Amino acid sequence: MSKRSRSKKQSGKQPSSRQPSNRQPSKQPSKPPATPAVKTAELRDITPAERGRAARSFYWILGAFVLGIGVIVATLAVQSKAARDYGQRVVQAVQATKPSENASYGLKCVTALPGALPRGILDCDVTVDRGKVGVVLQAEGDKQYRLGE
C-alpha cells in the first residue's frame with residue numbers, strides 16, 4: 001500500500017462520496033401490495049357424484065388405450081401368420097419338385113408358387129442349397145421371416 005492510502009485510513013476520513021448521510025429516511029405512507037391480475041379461484045368441495053364421473057372417465061380412457069394396443073398386436077400377429085403360412089406353401093411347392101442334392105440355386109417365390117404375395121410382404125426369395133429349401137420373406141418395417149431347413 002502507498003503512504004497516501006495508509007494515511008487516509010489512519011486518519012479515519014473517507015472520501016466524500018462514502019460519508020454517511022445524516023438525513024432520516026422519508027416516511028411515506030406504505031402502499032398496500034398490488035392485487036394480482038388474475039384472481040385465484042376459491043377451492044370447492046368435490047362431490048361423490050363428480051368423483052365417480054371422473055373415475056369412470058379415467059377408466060374408460062384407460063380401457064380404450066389398452067384395447068387399442070391389443071388391436072395393434074392382434075393385427076401384427078395375423079399378418080405375420082399369413083406371411084409364415086405363405087412361406088410354408090412355397091417351401092412345400094419347391095420340395096415337391098424334388099431338388100437335386102448336387103445343385104444350389106435361388107429364385108423368386110412367385111416363380112415357385114404363382115400368385116400374389118400376401119399383404120405386407122415386399123419381397124420373397126427361395127434358396128436351394130444341396131437339396132435343402134429355404135425361404136426369406138421381406139416384410140414391411142424391416143422385418144424378415146426365414147423358413148425352411
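Colleague: Which residue forms a salt bridge with Asp-123?
Modeller: The model is predicted. In the Asp-123 pair, the closest N and O atoms are 3.1 Å apart. That falls within 4 Å, the cut-off for a salt bridge. The partner is Lys-108.

Colleague: How many residues apart in sequence are the parts that this pair ties together?
Modeller: Asp-123 lies in strand 2 (residues 121-129). Lys-108 lies in strand 1 (residues 104-108). The pair therefore ties together parts whose separation in sequence is 15 residues.

Colleague: Is Asp-123 buried, exposed or partly exposed?
Modeller: Its relative accessibility is 25%. Buried would need under 20%, and exposed over 50%. So Asp-123 counts as partly exposed.

Colleague: Which residues are linked with Lys-108 in a network of salt bridges?
Modeller: Lys-108 forms a salt bridge with Asp-125, with 2.8 Å between the closest N and O atoms. This pair links distant parts of the chain, strand 2 and strand 1, 17 residues apart. Lys-108 also bridges to Asp-123. The network therefore joins Lys-108 to Asp-123 and Asp-125.

Colleague: Where do Lys-81 and Asp-85 both lie?
Modeller: Their side chains meet in a salt bridge, 3.2 Å from N to O. The two residues are four apart, about one turn of the helix. Both lie in helix 2 (residues 48-96).

Colleague: What is the relative accessible area of Asp-85?
Modeller: Its partner Lys-81 is partly exposed, at 45%. Asp-85 is partly exposed too. Its value is 35%.

Colleague: How many salt bridges does the count come to?
Modeller: Each one needs a nitrogen of Lys or Arg within 4 Å of a carboxyl oxygen of Asp or Glu. By this rule, the count is four.

How values were computed:
Residues are numbered from 1 along each chain as its sequence is written. This is a predicted model: local features need pLDDT of at least 70, side-chain atom pairs count only at pLDDT 80 or more; totals for chains, interfaces and linings use all residues. Side-chain values use heavy atoms; hydrogens and water are left out. Buried means under 20% relative accessible area, exposed over 50%, partly exposed in between (1.4 Å probe, protein chains only).
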